[in-house]
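Here are my notes on this one, as numbered points. Have a look at the model first, then read on.

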Amino acid sequence: MAKFGIVALIGLLFTAGCSVGEPVRISANGMVKWSDGQTEGMHISQTGSSLTFANYSNEVGAPPLVIFARIDSARNDDCEYFFVETAVKKRLKVCETGEVTLFNRGKVVKVGHMVKPRY
């Protein structure tokens, strides 16, 4: 009986130590509706130079926020590019039409539309 109690206690501590908390809440002033139907709130800085998302990743040690910074030298037609400083291969393309494309290592991960395209 004592063995069962110790095993149960260790299991409980292990589970509690490995659980992922709720993501940070952000003051969203914009939203992206992805093609899979999910919507994701974001905070657009006043200058439009950064886009902040809550991080819903289950990766161990993942930061609570994902901040995309604008690449000022990478403007193509009516689109702007953003990157994550801690994960340079993760990029976001935002176009004047509101089209949003998320890239990881050069491959398209998600496509969507910004609900509030002007910033």
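**Notes on the fold and its links**

1. Reading from the N terminus, the elements of the protein chain go α-β-β-β-β-β-β-β-β. That comes to 1 helix and 8 strands, where helices (H or I, at least four residues) and strands (E, at least two) are DSSP runs numbered from the N terminus.

2. A caveat before the details: this is a predicted model, with local features needing pLDDT of at least 70 and side-chain atom pairs counted only at pLDDT 80 or more, while totals for chains, interfaces and linings use all residues. Residues are numbered from 1 along each chain as its sequence is written, and side-chain values use heavy atoms, leaving out hydrogens and water.

3. On the whole-chain figures, 29% of the 119 residues in the protein chain are buried (under 20% relative accessible area, 1.4 Å probe, protein chains only). The chain exposes about 8,400 Å², and carbon and sulfur atoms supply 57% of that (accessible areas are Shrake-Rupley, with a 1.4 Å probe). Of the contacts with a separation of 6 or more, 26% are between residues 24 or more positions apart (contact means heavy atoms within 4.5 Å).

4. Take a look at strand β5, residues 79-84: 6 of its 6 residues are buried. C79, Y81 and F83 point one way, and E80, F82 and V84 the other. In a regular strand, side chains alternate between the two faces of the sheet. Note that E80 is among the buried residues here.

5. What does β5 pair with? Its partner is β6 (residues 87-95), running antiparallel and joined to β5 by 6 bridges; strands pair if DSSP finds at least two bridges between them. A hairpin of 2 residues connects β5 to β6, and V84 has A87 of β6 as its bridge partner.

6. There is 1 disulfide in the structure (cysteine sulfur atoms within 2.5 Å). It joins C79 to C95, with S to S at 2.0 Å. C79 sits in β5 and C95 in β6, so the bond ties together parts 16 residues apart in sequence. The torsion about the S-S bond of C79 and C95 is about 95 degrees, so the disulfide is right-handed. Both cysteines, C79 and C95, are buried.

7. Finally, the structure has 1 aromatic pair (Phe, Tyr or Trp rings, the six-membered one for Trp, with centres within 6.5 Å; planes under 30 degrees apart are stacked, over 60 edge-to-face, the rest tilted). The rings of F53 and F68 have centres 5.8 Å apart and planes at 85 degrees, so this pair is edge-to-face. F53 belongs to β3 (residues 50-54) and F68 to β4 (residues 65-76), 15 residues apart. Both F53 and F68 are buried.

Definitions and conventions:
Buried < 20%, exposed > 50% of the residue type's maximum accessible area, 1.4 Å probe, protein only.
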